[in-house]
Amino acid sequence: MTSLTHSHRVDLAGATRSEWIKFHGLRSNLVLAGFTFALIVANALLMPWAYVFRDRSSVQADYAPYPEMIIDKTGYIGLLLAILAALLITNEYRSGQIKMTLLSVPKRIPALAAKALVIAGVSFLIGVASAGIGLAIAPAILAGGGYSYELDVSDALRLILGSGLYLATLSIIGIALGAIIRNVVASVLSTIALLVILPIIPQIFSEYGGEIKRFFPIEAGSLLLGQSTTDSLGPWIGYLILAIWALGLLALAAVLFKRRDA
Amino acid sequence: MSIEVLGLSKQYGDHFAVKDATFRVEPGKVTGFLGPNGAGKSTTMRSIVGLDRPTAGEALIDGQRYAAQTAPLQRVGALLDAKAAHKSRTAWNYLSSIAATHHIPRSRVEEVLDATGLTSVARRKVGGFSLGMGQRLGIAAALLGDPATLILDEPVNGLDPEGVTWVRTLLRTLADEGRTVFLSSHLLSELALIADHVIIIGRGQILADSPISALTEGKEQRVRIRTSQAAEFSNRVAAGGVTVTSTERDVLEIEGLTAEHIAETARDAGILLVELTPVKHTLEDAYNEITRDAVEYASTTR
């Protein structure tokens, strides 16, 4: 057997390439990512189409079209990417691959960072591409019914890049929960619980439930994709709250990931 | 290129999986790590490469902890768990992902696939691999970085006879190239064929650390005799420093006397011996003696 001639070293770039190879090596990852993309694009086509054919006598339909409605489901569809992220890491614990991952990147934190970078990168691209396609096509569909909306450049950038940022940040919550919980089923259920179920529970017990709900990841983060007037927090404070959730959970995950036996 | 384990302990609750283990694995040799199941072999190996965090002590590879190495895969290749890949992944994807962490070129992935005989199944999903193929894949992963040290936990488990011979030849070659080869097994017979040096562990403690040939050295030879006058002969030879045991009717095993001396004694006493066999102290005997008190899960039939 020949020997390796070059001197090699492990670094974040290598770890990230490794995670990318692992990501696209499993068809199920590509299917789930593609499905998420397709859902957002489908919504972007259906919303203006439904607007054109709406029942004009209905009070709910009596509003002017606006660009944010094109991507108004991205907030909840993002749950799929958070689940995909949780699966990426917990599947390694189930299959035993995590041992090889940690043998290759024994400082561990770069391995977790690489995973987060890959899923966040994929999510960012899904968000930017789906929102870009949606906002490009929607005006043509609306124009078919004689409708239109105004969209200035700064709002267009907020909605397109914001979709990417929102999905990337939400996916990091999934990676963090996966690394903390390590079990496939438990981490998927926890992701769903934190993102979808927990936010509505305070409403059952408290008159301030609606207030509390605003500070959960999906609700706060979605403000970045909504009309600026939707909530007094505003788009960027909303996104900041999501980012604090993601970074807080990721920091906890990093401490545990570094310390625990594999 | 040596592995140094210094006062390593790993505690789970109040149970010590490994207790104050200290030993050194030298390059250029195949060192066997032998012990009954549950003796702490895997925990020790996992601690050496940082998968487990020791409760006390440390393990150094060339004077540095595994995690502190700049290119860990070039220092140490480890096989700790065969089939450590998602079952829907191909062998090629699995090895490529590992190689990528160290910027190891794809030509090297091809080389280790070739060396382990997996080239023809490289694009197949590892879920369909047999235990033996999984083991080969694990060895391929361990060889990826062309490492100076190999740590292999039960590497021949599940291999067919041809595969066992292949592993044996491979490990010998690697050791002859000056690499450090450290492999565990719970089977003495297997290690006796591969290892130059053996470290024996039982109940988490290091019980022996010596060249395999030295295990049987210095042990009294026994002589097995068969005679119808066993009781009488037993009295004749009984003296200080001589032990006589009887394993079956008319058979005595005598320790402390040479075969010649026993034959002379029988002749002088007019006792007919129908069998006189020097019994070599086997590796098996030495191992059983060392681990007798340390068998974690002794079977009741023994």
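The legends below describe close-up views of a predicted model.

**View 1. A four-stranded open sheet in chain B.** The strands of this sheet follow the order 11-12-10-13, and their pairing is antiparallel. Strand 11 (243–248) and strand 13 (275–279) of chain B each have a single partner strand, so they form the edges and one side of each lacks a neighbour in the sheet. On average, neighbouring strands are turned by 25 degrees against each other, direction ignored.

**View 2. The pairing of strand 10 with strand 13 in chain B.** Five bridges join strand 10 (residues 222–226) of chain B to strand 13 of chain B in the antiparallel sense. Within this pair, B:Val279 of strand 13 lies opposite B:Arg222.

**View 3. Two helices packed on the sheet of chain B.** Helix 8 (residues 230–237) of chain B touches strand 11 and strand 12 (251–255) of chain B. The direction of helix 8 makes about 10 degrees with that of strand 12. Helix 9 (residues 259–269) of chain B touches strand 10, strand 12 and strand 13 of chain B, and its direction makes about 160 degrees with that of strand 13.

**View 4. The largest nonpolar core.** This core contains 143 residues, of which A:Ala176, B:Leu95, B:Ala140 and B:Leu144 touch the most other members. Helix 6 (residues 153–181) of chain A supplies the largest share, 15 residues. Apart from its neighbours within four places in sequence, A:Ala176 is in contact with A:Leu249, A:Leu250, A:Leu252 and A:Ala253.

**View 5. A second, separate nonpolar core.** Seven residues make up this core, among them B:Val223, B:Leu252, B:Ile254 and B:Leu257. In soluble globular proteins, nonpolar side chains tend to be buried together.

Key
Residues are numbered from 1 along each chain as its sequence is written. Chains are lettered from A and ligands numbered from 1 in the order in which they are written. This is a predicted model: local features need pLDDT of at least 70, side-chain atom pairs count only at pLDDT 80 or more; totals for chains, interfaces and linings use all residues. Two strands pair if DSSP finds at least two bridges between them. Axes are lines fitted to C-alpha atoms, for helices over the stretch in contact, and angles run from 0 to 180 degrees between N-to-C directions. Two residues are in contact if their C-beta atoms, placed from the backbone, lie within 7 Å. A nonpolar core is a set of buried Ala, Val, Leu, Ile, Met, Phe, Trp, Tyr and Cys residues joined through C-beta atoms within 7 Å. A residue is buried if 20 or more other C-beta atoms lie within 10 Å of its own, exposed if 12 or fewer, and partly exposed in between; C-beta atoms are placed from the backbone.
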